[in-house]
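Here is a short briefing on a predicted model. Look over the sequence and the structure, then read the points below.

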Amino acid sequence: MQVIKNFDSMLHPELQELSATFWTPNEIVKTAADWLGLNASSKVLDIGSGVGKFCIIASQQSDAQFTGIEIRENLVLEANRIKNQFGLNNCSFIC
């Protein structure tokens, strides 16, 4: 599996500008996922998942199942686009 090194570079340009203000930095996502002590039977629900940054990055380092819920359809579409690009089967996004 290809690991996303710079998630923000994957985003459409108009969303890249928002990332530093609204979405968690990559290293914080990795640290939080480590602290959760996730395993294959773990399930994580991210309410207000935005572009899916937490779920996508964390799903690359864990076998846990991640579900992101976001009210803005354009952000869900972006999250699914990136998730599908990397063929991630352990995360999903719901609008």
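R81 is partly exposed, because its relative accessibility is 30%. Its salt-bridge partner is E78, with the closest N and O atoms 2.9 Å apart. E78 is buried, at 3% relative accessibility.

**Salt bridges**
- Both E78 and R81 belong to helix α5. They sit three residues apart, about one turn of the helix.
- In an α-helix, residues three or four places apart point the same way, because there are 3.6 residues a turn.
- The whole structure holds two salt bridges.
- R72 and E70 also join their side chains in a salt bridge, at 2.8 Å from N to O.
- R72 is partly exposed, with 46% relative accessibility. E70 is buried, at 3%.

**Nonpolar core**
- The largest nonpolar core counts 23 residues. F7, I56, F66, I82, C91 and F93 have the most contacts inside it.
- Two or more core residues come from each of α1 (7–10), α3 (26–36), α4 (53–60), α5 (73–85) and β3 (91–94).
- Helix α4 contributes the most, with five residues.
- In soluble globular proteins, nonpolar side chains tend to be buried together.

**Helix α4**
- Eight of the eight residues of α4 are buried, so the rest of the structure largely encloses this helix.
- The buried residues of α4 include K53, S59 and Q60, along with F54 and I56.

**Nonpolar surface patch**
- L45, I47, I69 and I94 make a nonpolar surface patch of about 380 Å².
- I69 lies in strand β2, residues 65–69. I69 is partly exposed, at 32% relative accessible area.

Technical notes. Residues are numbered from 1 along each chain as its sequence is written. This is a predicted model: local features need pLDDT of at least 70, side-chain atom pairs count only at pLDDT 80 or more; totals for chains, interfaces and linings use all residues. Side-chain values use heavy atoms; hydrogens and water are left out. A nonpolar core is a set of buried Ala, Val, Leu, Ile, Met, Phe, Trp, Tyr and Cys residues joined through side-chain atoms within 4.5 Å. Buried means under 20% relative accessible area, exposed over 50%, partly exposed in between (1.4 Å probe, protein chains only). Helices (H or I, at least four residues) and strands (E, at least two) are DSSP runs, numbered from the N terminus. Patches are made of residues with over 30% relative accessible area and no salt bridge: like charges are joined within 9 Å, nonpolar side chains (Val, Leu, Ile, Met, Phe, Trp, Tyr) within 5 Å. Accessible areas come from the Shrake-Rupley method with a 1.4 Å probe; for residues, only the protein chains shown count as cover. A salt bridge is a side-chain nitrogen of Lys or Arg within 4 Å of a carboxyl oxygen of Asp or Glu.
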